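User: Hi! I'd like to go through a model with you, a bit at a time. Could you put it up?

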Amino acid sequence: MAGDGDEARRHLEVGHKSLLQSDALYQVYIHILCFYMLICFGLQSLLLGLWYILETSVYPREPESMKELREFTAKHPWNIMASSADEGQFLNMILKLINAKNTMEIGVYTGYSLLATTLALPHDGKILAMDVNRKNYELGLPIIEKSGVAHKIDFREGPALPVLDQMIEEEKNPGSFDFIFVDAEGKCNGELVLDQQRCYLLLSHCICPDKDNYLNYRQRLIDLVKVGGVIGYDNTLWNGSVVAPPDAPLRLL
């Protein structure tokens, strides 16, 4: 009987992750599956698949502190600016895969993606977080502090470009960041840049505000990220406007 129980458990494990022997690889598989569903079955099937993934994979894996912050932010008038639960776990996965320790975030809002980052960093990891609105950051700060990760955060209020310019001038900063996440003001022309030294990973969060400064950020961040590091740009697909005709009206939801 014990042998039958072991065999059943093995079948259950295979049914759950097949040959993907880690949660990280399993999450990559889920994202690829979503893309496949969109191509083969259209938007309706994709939305149904996303709902299923959220309910069976994303929300059950979401740390309690992130769930609390997500639900708190949902009550805010500008909750549309918040990162989603699956994006938070995607960021967390990337940070762990590359063993990130020194990171940066431009655009914080109430801190959901910031919390996802700090939870993935080691105890002595650091994140430089910049946002033009400290009040929004302080709304989520009690939850971040309760999570025991606030000591990793160096928050600076104000525009990021002057800070980046100053950092580039200091000898210790260029090539020192493992991961940089940009989800701030500025218009982005969606692109994917891959070379032998750096990867610019473009995340797609379909609803976004103005993104005029993304190219300005990129010109500076390319000097600050280390060789082998990752820069993630949110909102790059911009509701599909990146493939729209140049004279098409801009849609902001």
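User: Which residue in β7 does Val182 stand opposite?

Analyst: Val182 stands opposite Tyr233 in β7. One note before we go on: this is a predicted model, where local features need pLDDT of at least 70, side-chain atom pairs count only at pLDDT 80 or more, and totals for chains, interfaces and linings use all residues. Residues are numbered from 1 along each chain as its sequence is written, and side-chain values use heavy atoms, with hydrogens and water left out.

User: Thanks! In which sense do β4 and β7 pair?

Analyst: Parallel, over five bridges between β4 and strand β7 (residues 225-233). Two strands count as paired if DSSP finds at least two bridges between them.

User: And how many residues of β4 are buried?

Analyst: Six of the six residues of β4 (residues 177-182), so the strand is largely enclosed by the rest of the structure. Buried means under 20% relative accessible area, exposed over 50%, and partly exposed in between, with a 1.4 Å probe and protein chains only.

User: What about Met104, which residue is its bridge partner in β4?

Analyst: That is Ile180. In β2, the bridge partner of Met104 is Leu128. Strand β1 (residues 102-106) pairs with β4 in the parallel sense over four bridges, and five bridges join β1 to β2, also running parallel. Five of the six residues of β2 (residues 126-131) are buried.

User: Let's zoom out. How many helices and strands are there?

Analyst: Eight helices and seven strands. Helices (H or I, at least four residues) and strands (E, at least two) are DSSP runs, numbered from the N terminus. Of the 253 residues of the chain, 41% count as buried.

User: Now the helices. What span should α4 have?

Analyst: The 13 residues of α4 (residues 85-97) should span 18 Å at 1.5 Å a residue, and its end C-alpha atoms are 18 Å apart, which agrees. The expected span is 1.5 Å times one less than the number of residues. Ten of the 13 residues of α4 are buried, among them Gln89, Phe90 and Leu91. Just after α4, Asn99 takes a positive phi of about 55°.

User: Which residues does Val58 touch?

Analyst: Leaving aside residues up to four places away in sequence, Val58 touches Ile53, Ala85, Asp86 and Gln89; contact means heavy atoms within 4.5 Å. Val58 is found in helix α2 and counts as buried at 3% relative accessibility. The C-alpha atoms of Val58 and Gln89 are separated by 7.6 Å, with the two residues 31 apart along the chain.

User: Okay, salt bridges. Which residue does Glu157 form one with?

Analyst: With Arg134, the closest N and O atoms being 3.8 Å apart. Glu157 lies in strand β3 (residues 153-157) and Arg134 in helix α6, so the pair ties together parts that are 23 residues apart in sequence. A salt bridge here is a side-chain nitrogen of Lys or Arg within 4 Å of a carboxyl oxygen of Asp or Glu, and the count comes to eight.

User: How far apart are the closest N and O atoms of Glu138 and Arg134?

Analyst: They are 3.9 Å apart, in another salt bridge. Glu138 and Arg134 are four residues apart in α6 (residues 134-146), which means about one helical turn between them. Arg156 and Asp154 also meet in a salt bridge, at 3.1 Å from N to O. Through shared partners, salt bridges join Arg134, Glu138 and Glu157 into one network.
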